Structures are given as structure tokens and as C-alpha cells.
Amino acid sequence: MTITTDRKLTTQKAIAEAIALEMEADDTVLLMGEDIGVYGGIFGATEGLLDRFGPERVMDTPISETGFIGAAVGAAINGLRPIAELMFVDFFGVCMDQIYNNMAKIHYFSGGNVKVPMVLMTAVGGGYSDAGQHSQTLWGTFAHLPGMKVVVPSNPYDAKGLMTSAIRDDNPVLYMFHKGVLGLGWMTNNPRATGAVPSESYEVPIGEAAIAREGDDLTVVTVGLSVHRALDAAEMLEDKGISAEVLDLRSLVPLDRDKIAESVGKTHRLLVVDEDYQSFGMTGEVIATVVERAFDHLDAPPMRVATPDTPIPYSRPLEQFALPSAERIVEAAQQLVSA
Amino acid sequence: MDIPSEHLVDMYETMVKIRRYEERIREIYFEDKLPAFDIAAGLIPGEMHLSAGQEPVAVGVRPHLKAGDAITATHRPHHIAIAQGVDLKRMTAEIFGRETGLGKGKGGHMHLFSVEPNFGCSGIIAEGMPVAVGAGLAFKRRGTDNVALSFFGDGAANQGAFHESLNLAAIWDLPVVFICEDNAYAISVPKTASTAIADNSDRASAYGIPGVLVANNDPVAVYEVAGEAIARARSGRGPSLIEVKTDRLWGHFEGDADAYRSDEFKEAMAERDALVTFGQKLVAEGVLTDSDIEAIKERMFGEVEDAISFAISSPYPEPEGALVDVFA
């Protein structure tokens with residue numbers, strides 16, 4: 001589904017708009033988190049909402065993630081649709097019990113009788129030298145644990161539609177927005193962080209990957225800011241006569257395994273790009289999916305470009321070396337196509 | 001306080017039911033695990049944390065509850081679930097791992113969830129406390145006069161979640177009553193070695209909310225203190241913390257050798273068993289006769305047996321059921 005419009009928004013404003021529309025339509029939606037009220041969210045995802053909906057529904061919390069994320073679970077069980085913001089996903093260490101032992105498991109433990117309709121939104125990703133406790137993506141960690149959907153938008157249109165779907169979903173949804181795709185004025189300028197967004201409410205279904213660019217010679221499967229890197233790489237590869245298809249997963253849970261296999265069935269080569277750590281993560285899962293479902297279609301062993309298994313370093317040359325770049329994608333794609 | 005005699009009788013009956021329930025679960029738990037104990041074997045596999053002795057904390061709250069009130073309880077949840085009126089048959093079926101259980105056999109005895117009454121528990125210390133805060137938030141936001149009750153042990157009072165929950169409930173002025181079941185031991189570690197102060201109820205002062213100590217394991221004292229705290233929360237006057245010095249008569253879990261508690265300690269607990277003393281008190285005060293007590297036992301024992309029969313005669317879930325209910 002695509003709605004055409006000339007109106008352009010940044011991803012950050014698209015997220016805030018989705019939340020505002022749902023808060024208008026549904027009185028049970030409320031927000032809680034650190035600096036989401038007066039400040040509007042450190043990454044602007046709740047900009048303007050306090051003024052529109054007041055402090056009863058846009059609740060600045062103490063720095064108390066176990067407390068307020070657990071409270072969101074309790075509120076969700078008892079008739080509300082809370083959205084809690086964990087400022088940086090890296091902070092999950094102080095509240096993971098509420099996330100994976102409570103939020104993600106209560107529906108199952110109850111045999112489906114108790115629903116936990118909540119959104120946990122959180123900023124992820126690096127590339128701006130915020131060092132190893134403010135730069136991780138960690139979606140593989142959460143996607144590994146059963147019971148929560150894991151959504152990762154890469155552009156303004158998807159960000160709005162996926163947030164709308166997440167709020168309306170009867171399951172806990174972890175909504176992970178990459179700081180690099182938000183279009184923030186204080187981040188490195190990213191033209192792909194601004195795009196056409198209809199003003200009305202709409203859903204982008206959770207669990208459907210999107211072909212961000214069509215191509216014939218290889219499939220690049222990725223998510224988040226790495227979609228932008230892959231699109232940049234695809235443009236560079238085109239100059240070299242290589243046609244890359246870019247598949248934006250948009251969610252890790254559910255994972256659109258059909259579309260992955262379908263694309264590889266067409267291109268016969270697979271490159272997985274992930275800003276998360278390489279081992280035991282998304283790259284391995286995508287490759288396993290293709291090996292299980294489309295092994296006979298592969299003309300070469302799959303390859304991956306990911307963050308190596310080291311903490312994210314601070315210094316610019318170190319960090320830029322560690323994170324996936326368009327250049328690394330181009331290099332891997334060339335190897336893959338010549339294999 | 002003048003307590004209506006029907007409340008006293010109801011509290012006593014519920015204590016009888018809880019004790020009988022825990023005794024029968026204990027019997028069944030062991031009868032097919034001997035002579036060589038295998039925790040995975042038998043009608044009730046896995047860990048089992050029983051609440052014999054802690055009945056007063058649960059039944060003292062019971063008369064003050066109304067439909068829709070939320071309770072979050074602990075890994076030792078049976079007495080509280082029974083006191084709130086969770087369906088005993090479905091609860092027992094869950095403990096026996098049957099399809100008819102509250103969670104279709106997916107939760108077990110530490111993960112009992114009921115929609116009506118509104119009950120949940122968890123196997124992680126202090127985990128239910130923030131959830132109760134959220135329930136209180138939902139009640140306030142939705143304009144109901146429901147109350148959330150969070151039960152937890154003395155060990156939980158040293159978790160961050162305890163402090164975060166009290167602070168949140170206080171700053172948001174929520175209808176939450178926190179009830180600490182202080183049985184003096186966090187598994188084997190005595191409270192004197194784990195907790196910087198004698199009474200966790202004193203910790204309420206750090207959050208500017210009332211903190212009340214119930215110094216003995218007396219259902220009437222719990223009734224009075226909980227009644228006040230619940231009424232306060234229900235009328236929009238905010239959260240409270242209660243600590244009840246209670247007795248865990250048996251080990252932390254079944255199979256626990258319980259060597260960390262002295263014989264004197266255990267004998268003293270048995271001596272002051274609240275089930276016995278409360279029954280004697282009601283007879284002495286003329287609320288019940290000895291024959292009333294016999295009739296109550298017969299009725300409560302019957303309810304327990306009915307629940308156990310229901311569980312045992314219920315089918316096990318299909319193995320593939322493991323894959324269902326991950327998502328709504």
C-alpha cells in the first residue's frame with residue numbers, strides 16, 4: 001500500500017505524528033518515559049505531544065526504567081495502551097527483566113487470556129561517536145527472545161505506518177528507531193531521513209519486508225540505517241555494472257522469510273548487512289533462512305557485512321571502521337558477484 | 001475495631017482451605033517422587049513453594065477486595081490466589097500442567113494469571129511490584145475506584161524494583177497497597193544479614209507514604225491495617241506500605257532440608273500457628289463452635305479435593321500447544 005502525497009516529513013516528525021493521531025483517536029493511549037514531555041523526547045519522537053495531550057497522558061518519568069516499563073506492562077494488562085520510551089536501547093540492562101520476563105511472557109503464561117498491548121520504543125544505533133553504551137542496535141538480542149514483535153523503520157513513511165500498527169497491535173511491540181534515520185538537525189545530514197508522508201492515519205503491516213530497490217545480480221538484506229547505506233552502495237554498484245536488490249526487513253519479528261527467499265530465488269546471491277554484532281544475530285538468521293528455503297537457488301556462499309564482535313568504539317576512525325558502510329557493502333557485493 | 005463476624009468466619013474458612021490445599025499439594029508432590037527424588041517426575045513436576053503459615057497476610061486482605069481490584073503476587077502465590085477467589089479448579093489444573101489450567105499448562109505454579117479476579121504472579125523477586133503500579137495507574141486514569149495490591153517478600157525489599165515502585169506510586173499518587181510478607185528469610189539468608197533496618201515498613205518514610213508494621217502473624221491485625229490502606233487508596237489518597245511479620249512453616253521449596261533455620265525457630269513457629277490460634281480465638285469469643293469448625297473443615301477439604309479431582313481428570317495439553325499463544 002502506498003499513498004501518494006507531496007508533503008515531506010522527517011522520520012522523527014512522522015513518528016510523533018503517528019502517536020498524536022492514535023492519542024486523538026484512542027483515549028487509552030498514553031506515553032511515559034524520560035524527558036518525553038517538556039523536552040519532547042531526546043530524539044524528538046514525542047515532540048509537541050505534551051502541549052496537545054497534557055501531563056496526564058504524556059508522563060515524564062524518573063530515571064527508573066524497571067519501574068516505568070513494568071508499570072507500562074501493568075497498565076497494558078489493565079485496559080490502557082501505553083507507549084513507554086527507553087531513551088537508548090543500551091539502557092536495557094537496568095530493566096531487561098520487565099521486558100523479557102514480564103512484557104514478553106505474560107500472554108503466553110496466561111494461555112492467551114491476558115493481553116499486553118504496549119509499545120516500547122527506543123533509540124538505537126551509532127555512527128556519531130557516542131561510544132559503546134549509547135551506540136548499539138541490539139535488535140538481535142530482543143528478536144532472539146520470544147513474545148515481542150521487533151520493528152525497525154528506515155524511512156519516514158514506514159516509521160509512521162509502523163508506529164500506528166504497533167500502537168493498535170494487541171501484542172508488545174519493541175519499536176526501535178535508528179538515530180541516523182530520524183532527520184535530526186544535530187545529526188549528520190541524511191537526505192533519506194526526509195520523505196513523503198501522508199497527513200492522515202495509515203498502517204504499515206508489521207512483518208512485511210519491502211523491496212527498497214529492485215535489482216538482479218544480488219540481494220542485500222538489511223534493516224534500519226543500513227538500508228540507507230545499502231541504497232548508497234547500490235548506486236555505486238550500478239556504475240560498476242552490478243544490479244543490487246535491497247530488501248528492507250522493516251521488522252525482525254515477525255521476519256518476512258518468504259520475501260527473503262523469493263528475492264534470493266531471483267538474484268541467486270545473498271549479502272546480509274547488519275549494524276548489530278555479527279555473531280549469533282540477524283545475519284546468521286537470514287542466511288540460515290535462505291539455506292533452509294532456497295539453497296538450490298544460491299550461486300555463491302552468502303556473505304555478510306556487520307559490526308564485528310567488539311564493543312562500539314568511540315574514536316571516529318575506529319567507529320567508522322567497525323560499522324557497516326556503503327564502501328564495505330560495495331566491496332562485499334563485488335566479491336560476491338565475482339564468486 | 002468491630003469486625004463483622006461474617007468476615008471473621010470467612011477469613012477462618014479461607015485459612016482452612018489454604019492450609020488444606022498446601023498440605024494436599026505437598027502430599028501429592030512427594031508421593032510419586034519417592035524413593036529417589038526426581039524433581040521432574042510425578043503429577044506435579046518442578047519447583048514448589050508453599051505458603052503454609054502465611055495465610056493471615058492473604059485472608060486479612062480478602063474482605064476488603066472488590067471486583068476488578070488487581071493483585072500481583074510472588075513465586076509463593078497460592079494463599080493469595082485462593083484468598084482473592086481465583087478459580088481453584090483451573091488454578092489446580094495449571095499446577096498439574098493440564099489443558100484446563102488457567103494458562104493451559106504454560107505457566108505452572110509460579111505463573112498463575114487470572115482475568116477475573118484480576119490476579120498475576122511471577123517467579124522473579126519484586127517483579128510484580130512495577131506491574132501493580134501500572135495497574136494503579138490504569139485504574140486512576142480510567143476513573144475507577146479499583147485498587148492494586150502488590151504482595152512481595154522481605155527479600156524483595158532489597159531489589160531496585162521495590163524502591164522504584166514505591167517512588168513511582170508516590171509521585172503519581174496511585175491507588176496501590178504494597179504488602180511485604182516478612183517471613184524473616186530470603187531462602188536461607190536471614191533478614192538480619194540482608195536488610196539494613198529491622199522493619200521494611202520504615203522504608204515508606206523515604207517515599208513520603210504511610211508505612212505500617214503488623215508485628216505478629218494475626219489475621220485480624222492484617223484485616224485492620226489493610227482495611228485502612230485499601231480504603232485510603234480507593235478514595236484517592238494514595239499508596240501505602242504494610243509489612244506483616246509472618247511465618248513460613250515449611251522450607252523455601254519442597255525438598256528444602258531447611259537446615260538454615262534452628263529447631264527452636266521452627267518449634268516456636270509451630271507453637272504459634274495462626275490457623276490454630278485464630279480458630280481457638282473464634283471459639284473462645286463465641287463466633288464459632290467446635291462443631292462449626294468441623295463443618296468448615298469438611299466443606300473446605302471437600303472444595304480442595306474437588307479441585308484436585310478436576311485437575312487429575314483433566315487432559316494434558318497436546319504437545320504442539322507449546323507453539324500457541326506466543327502472540328495474540
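**Entry 1: α8 and α12 of chain A**

I began with helix α8 (residues 225–239) of chain A and helix α12 (residues 326–338) of chain A, which pack at an angle of about 55° with their axes 8 Å apart. This is a predicted model, and I read every value below as computed from it. Angles under 35 degrees count as roughly parallel and those from 65 to 115 as roughly perpendicular, and α8(A) and α12(A) are therefore oblique to each other. I noted the crossing of α8(A) with α12(A) as right-handed.

I then looked up which residues make this contact: R229(A), A230(A), D232(A), A233(A), M236(A) and L237(A) come from α8(A), and they meet A326(A), I329(A), V330(A) and A333(A) of α12(A). Sorted by class, the residues of this contact are eight nonpolar, no polar and two charged.

**Entry 2: chain A as a whole**

I counted twelve helices and 14 strands in chain A. For its 339 residues a compact globule would have a radius of gyration near 20 Å, and chain A has 19 Å, so the value agrees with that expectation. The C-alpha trace of chain A spans about 60 × 45 × 40 Å along its principal axes, and 59% of the 339 residues count as buried. When I took the contacts in chain A between residues at least 6 apart in sequence, I found that 78% of them join residues at least 24 apart.

**Entry 3: where chain A touches chain B**

How many residues does each chain bring to the contact? I found 34 residues from chain A and 34 residues from chain B. On the side of chain A, the elements that give two or more residues are α3 (65–77), α4 (96–103) and α5 (106–109) of chain A, and α3(A) gives the most, with ten residues. The residues on this side of chain A divide into 14 nonpolar, 17 polar and three charged.

**Entry 4: chain B as a whole**

For chain B I noted eleven helices and eight strands. With 328 residues, a compact globule would have a radius of gyration near 20 Å, and the 19 Å of chain B agrees with this. The C-alpha atoms of chain B fill a box of roughly 55 × 50 × 40 Å along the principal axes, and 52% of the 328 residues count as buried. Of the contacts in chain B with a separation of 6 or more, 74% are between residues 24 or more positions apart.

**Entry 5: helix α4 of chain B**

Is helix α4 (residues 88–95) of chain B largely enclosed or exposed? Seven of its eight residues are buried, so α4(B) is largely enclosed by the rest of the structure. I listed the buried ones as L88(B), R90(B), M91(B), T92(B), A93(B), E94(B) and I95(B), and they pack against α1 (5–31), α3 (78–84) and α11 (290–313) of chain B. Just after α4(B), I saw that G97(B) takes a positive phi of about 75°.

Note on methods: Residues are numbered from 1 along each chain as its sequence is written. Chains are lettered from A and ligands numbered from 1 in the order in which they are written. This is a predicted model: local features need pLDDT of at least 70, side-chain atom pairs count only at pLDDT 80 or more; totals for chains, interfaces and linings use all residues. Two residues are in contact if their C-beta atoms, placed from the backbone, lie within 7 Å. Helices (H or I, at least four residues) and strands (E, at least two) are DSSP runs, numbered from the N terminus. Ala, Val, Leu, Ile, Met, Phe, Trp, Tyr, Cys and Pro count as nonpolar, Asp, Glu, Lys and Arg as charged, and the others, Gly among them, as polar. Axes are lines fitted to C-alpha atoms, for helices over the stretch in contact, and angles run from 0 to 180 degrees between N-to-C directions. Angles under 35 degrees count as roughly parallel, over 145 as roughly antiparallel, 65 to 115 as roughly perpendicular and the rest as oblique. A crossing is left-handed if the near helix is turned anticlockwise from the far one by less than a right angle, and right-handed if clockwise. The radius of gyration is taken over C-alpha atoms; the globule rule is 2.2 Å times the number of residues to the power 0.38. A residue is buried if 20 or more other C-beta atoms lie within 10 Å of its own, exposed if 12 or fewer, and partly exposed in between; C-beta atoms are placed from the backbone.
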